[in-house]
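Hi there,

Here is the structure I promised to pass on, with my notes below it. Have a look at it first, then read on.

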Amino acid sequence: MPLLHFHLVEGRTDTEIKTLLDAAHEAMLEAFNVPRGDRYQLVSEHKPSRMIVEDTGLNIPRTKNVVLLQMFSRPRGEEANALFYRLLVEKLEQACGIASSDVMISVVENEDAHWSFGYGRAQFLTGELGAKKPD
């Protein structure tokens, strides 16, 4: 159920984007142990001059392949997030050839009341979806 919003420099093919999204979904499934059908992904493509991702003084090299991921999710815990970060860069490098230095991730945590999957209801609160938070 995390919502993954990828920001990319424009120029990738549909096949390349699908491969990237599939790899990210596999990392999310493994790290967070969510059902396979919990797949919510967005891609925004930007002109190179509209996407600036610097290194925060860490001397991290960036290329035109840079990926900025904003993940919106219920709290997952530090260990699960760290596992996701590691798995994501491994899978993106293996499937897409994206260097780990080109992947930046920001997690925005929210609570059960902040999700509606349709019908104008907060399914975590109504009991339609399990309200138990992940360990």
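What volume does the second largest pocket have? In this predicted model, the second largest pocket has a volume of about 250 Å³. Of the 13 residues lining that pocket, Gly-11, Arg-12, Glu-16, Lys-64 and Asn-65 are the closest to its centre. Sorted by class, the lining has five nonpolar, four polar and four charged residues.

Two helices take part in this lining: H1 and H2 each supply at least two residues. H1 gives the most, with three residues.

H1 covers residues 14-32 and H2 covers residues 78-96. Their axes lie 8 Å apart, at an angle of about 150 degrees. Angles over 145 degrees count as roughly antiparallel, so that is how H1 and H2 run relative to each other. The crossing of H1 past H2 is right-handed.

Which residues meet there? On the H1 side they are Thr-19, Leu-20, Ala-23, Ala-24, Glu-26, Ala-27, Met-28, Glu-30, Ala-31 and Phe-32. On the H2 side they are Ala-80, Asn-81, Leu-83, Phe-84, Leu-87, Leu-88, Lys-91, Leu-92, Ala-95 and Cys-96. By class, this contact has 15 nonpolar, two polar and three charged residues.

Best wishes

Notes
Residues numbered from 1 in each chain as written. Predicted model: local features only at pLDDT ≥ 70, side-chain atom pairs only at ≥ 80, totals over all residues. Heavy atoms only, no water. Axes fitted to C-alpha atoms, helices over the stretch in contact; angles between N-to-C directions. Helix = DSSP H or I, 4+ residues; strand = E, 2+ residues; numbered from the N terminus. Parallel < 35°, antiparallel > 145°, perpendicular 65-115°, else oblique. Left-handed = near helix turned anticlockwise from the far one by under 90°. Contact = heavy atoms within 4.5 Å. Nonpolar A, V, L, I, M, F, W, Y, C, P; charged D, E, K, R; others polar. 1 Å grid on protein atoms, 1.4 Å probe; cavity = no way out; pocket = protein on both sides within 12 Å on 5 of 7 lines; lining within 4 Å. Points joined across faces, edges and corners; volume = space filled by probe spheres on them.
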